[in-house]
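Please read the following report with the sequence and the structure side by side, and look up each residue as it is mentioned.

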Amino acid sequence: MRANRRSHSPDLDGAEPRSLRAITTGRATVDTAEERHVSERTVKRMTAALLRQLRVSNQAEAAAVAGHTGLLGD
């Protein structure tokens, strides 16, 4: 079942690719918040929404999904 979750490749729009890139590079929440001029709480909510969309339970899994599916186009 876990493989099915990882094979899911949603379309990212808006700030989602930027959020995913911050996750994959290990960028601190406070740094992301300062860069975007939003609160840390907002960054945490955006991250949680992205994790739900990717159907993963943590940021490490999100980074793995991004790498396996090419979500960031790198």
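## Overall fold

The structure is a predicted model, and it should be read with that in mind. Read along the sequence, the pattern is α-α-α-α-α. Of the 74 residues of the protein, 28% count as buried. When contacts between residues at least 6 apart in sequence are considered, 61% of them join residues at least 24 apart.

## How the helices pack

Two packed helices are described by the angle between their axes and the distance between the axes.

| Pair of helices | Angle between axes | Distance between axes |
|---|---|---|
| H2 and H5 | about 110° | 9 Å |
| H2 and H4 | about 95° | 10 Å |
| H3 and H4 | roughly 105° | within 8 Å |

How are H2 and H5 oriented to each other? With an angle of about 110° between them, helix H2 (residues 16-24) and helix H5 (residues 59-69) are roughly perpendicular, because angles from 65 to 115 degrees are placed in that class. The crossing of H2 and H5 is left-handed. On the side of H2 the contact is made by Leu20, Ile23 and Thr24, which meet Gln59, Ala62, Ala63 and Ala66 in H5. Sorted by class, the residues of this contact between H2 and H5 are five nonpolar, two polar and no charged.

Helix H2 also packs against H4, at an angle of about 95° and with the axes 10 Å apart, which makes H2 roughly perpendicular to H4. Here Glu16, Ser19, Leu20 and Ile23 in H2 meet Met46, Thr47, Leu50, Gln53 and Leu54 in H4. The contact of H2 with H4 is made up of five nonpolar residues, three polar residues and one charged residue.

The axes of H3 and H4 come within 8 Å and cross at roughly 105°, so H3 is roughly perpendicular to H4. From H3, the residues Thr29, Val30, Thr32, Ala33 and Arg36 meet Glu40, Val43, Lys44 and Met46 in H4. By class, this contact of H3 with H4 holds four nonpolar, two polar and three charged residues.

In soluble globular proteins, nonpolar side chains tend to be buried together. In this model the largest nonpolar core has 12 residues in all, namely Leu12, Leu20, Ile23, Leu50, Leu51, Leu54, Val56, Ala62, Val65, Ala66, Leu71 and Leu72. Which elements give two or more residues to this core? They are H2, helix H4 (40-54) and H5.

Ser19 has its place in helix H2, and with a relative accessible area of 8% it is buried. Leaving out residues up to four places away in sequence, Ser19 touches Arg36, Met46 and Leu50.

Thr47, in helix H4, is likewise buried, with a relative accessible area of 11%. Beyond residues up to four places away in sequence, Thr47 touches Ile23 and Gln59.

Is Glu40 buried or partly exposed? Glu40, found in helix H4, is partly exposed, with a relative accessible area of 39%. Apart from its neighbours within four places in sequence, Glu40 is in contact with Thr29, Val30 and Ala33. The C-alpha atoms of Glu40 and Thr29 are separated by 6.1 Å, although the two residues are 11 apart along the chain.

Ala28 lies in the loop between H2 and helix H3 (29-36). Ala28 counts as partly exposed because its relative accessibility is 32%, a value in between the limits of 20% for buried and 50% for exposed. Between the C-alpha atoms of Ala28 and Glu40, which are 12 residues apart along the chain, the separation is 9.7 Å.

Notes:
Residues numbered from 1 in each chain as written. Predicted model: local features only at pLDDT ≥ 70, side-chain atom pairs only at ≥ 80, totals over all residues. Heavy atoms only, no water. Axes fitted to C-alpha atoms, helices over the stretch in contact; angles between N-to-C directions. Helix = DSSP H or I, 4+ residues; strand = E, 2+ residues; numbered from the N terminus. Parallel < 35°, antiparallel > 145°, perpendicular 65-115°, else oblique. Left-handed = near helix turned anticlockwise from the far one by under 90°. Contact = heavy atoms within 4.5 Å. Nonpolar A, V, L, I, M, F, W, Y, C, P; charged D, E, K, R; others polar. Core = buried A, V, L, I, M, F, W, Y, C linked by side-chain atoms within 4.5 Å. Buried < 20%, exposed > 50% of the residue type's maximum accessible area, 1.4 Å probe, protein only.
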